[in-house]
Amino acid sequence: DHVSKEYYGRTSLGYKLKKSFGPQYKAIGFEFNSGQFRAYGQNSNSRDSARIQVFQIEKDSNTLGCSLSKMNKGVIGISLRENKQHYIWNTSIFIHSSGAFFDSSPDKKELFKERLLLHRSFDYLFIVDKMHPTVPAF
């Protein structure tokens with residue numbers, strides 16, 4: 001969501017880049033259906049919050065990744081600049097919003113999803129069916 005051209009709730013970096021570069025700025029969004037990723041934990045009840053951890057995200061029927069999972073054989077790439085006839089073009093839908101920090105507390109999980117109007121947010125969108133964490137370099 002931080003690279004999206006239009007973001008609800010706060011001014012995104014993508015909005016500032018679009019304002020600076022105009023139509024030359026192209027926003028590329030990423031979404032996933034389920035899987036794992038690495039982030040710093042933000043759960044205040046955890047002693048391990050100062051180190052990078054692996055987090056698991058299960059399928060969520062309210063997200064774009066899950067709604068496209070039946071047609072996803074690994075990765076789907078969509079140009080939102082050209083595929084205006086596709087039903088997701090003008091859809092306001094949740095995407096996962098994981099970043100450098102993640103709080104796995106049950107009461108915080110909804111904070112890591114963002115509702116976006118896709119064609120206003122991204123020019124291109126890639127949806128990965130199952131996310132895998134990167135391998136640490138050390």
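Author: Let's start at Phe30, which stands opposite Phe126 in E7. That's a spot in a predicted model, so keep that in mind as we go. The strands behind this contact are E1 and E7, and they pair in the parallel sense over seven bridges.

Now the rings. The structure holds one aromatic pair, and you're looking at it: Phe30 and Phe126 are stacked, with 5.9 Å centre to centre and 20° between the planes. The two partners come from distant parts of the chain, with Phe30 in strand E1 and Phe126 in strand E7 (residues 124-131), 96 residues apart. In case you wonder about those two numbers, a pair of aromatic rings is described by the distance of the centres and the angle of the planes.

Is this pair tucked away or out in the open? Phe30 counts as exposed because its relative accessible area is 56%, and the cut-off for that label is over 50%. Phe126 has 34%, so it is partly exposed.

Together with Ile28 and Val75, Phe30 and Phe126 form a nonpolar patch on the surface, with about 390 Å² of accessible area in total. Ile28 belongs to strand E1, which covers residues 28-41. Its relative accessibility is 38%, so Ile28 goes down as partly exposed.

On to the other neighbour of E7. Strand E3 (residues 75-79) pairs with E7 in the antiparallel sense, over five bridges. In that pairing, Ile78 stands opposite Leu125 in E7.

Back to E1, this time at Gly35, another residue of that strand. What a contrast in cover: Gly35 is buried, because its relative accessible area is 1%, whereas Phe30 is exposed at 56%. The C-alpha atoms of Gly35 and Lys130 are separated by 5.0 Å, although these residues are 95 apart along the chain. Gly35 also stands opposite Ile57 in E2, which brings in the next strand.

E1 and E2 pair in the antiparallel sense over six bridges. The C-alpha atoms of Ile52 and Gly41 are separated by 6.7 Å, and the two residues are eleven apart along the chain.

To place all this in the whole, the chain has three helices and seven strands, and from the N terminus on they run α-β-β-α-β-β-β-β-α-β. Of its 138 residues, 39% count as buried.

One last thing before you zoom in on distances: confidence. The chain averages a pLDDT of 76, with 75% of the residues scoring at least 70. Helix H1 (residues 13-21) has the highest confidence, at 90, and strand E5 (residues 101-102) the lowest, with a mean of 64. Where pLDDT is low, the predicted coordinates should not be read in detail.

Terms used: Residues are numbered from 1 along each chain as its sequence is written. This is a predicted model: local features need pLDDT of at least 70, side-chain atom pairs count only at pLDDT 80 or more; totals for chains, interfaces and linings use all residues. Side-chain values use heavy atoms; hydrogens and water are left out. Patches are made of residues with over 30% relative accessible area and no salt bridge: like charges are joined within 9 Å, nonpolar side chains (Val, Leu, Ile, Met, Phe, Trp, Tyr) within 5 Å. Accessible areas come from the Shrake-Rupley method with a 1.4 Å probe; for residues, only the protein chains shown count as cover. A salt bridge is a side-chain nitrogen of Lys or Arg within 4 Å of a carboxyl oxygen of Asp or Glu. Helices (H or I, at least four residues) and strands (E, at least two) are DSSP runs, numbered from the N terminus. Buried means under 20% relative accessible area, exposed over 50%, partly exposed in between (1.4 Å probe, protein chains only). pLDDT is the predictor's confidence in each residue, from 0 to 100. Rings of Phe, Tyr and Trp (its six-membered ring) pair if their centres lie within 6.5 Å; planes under 30 degrees apart count as stacked, over 60 as edge-to-face and the rest as tilted. Two strands pair if DSSP finds at least two bridges between them.
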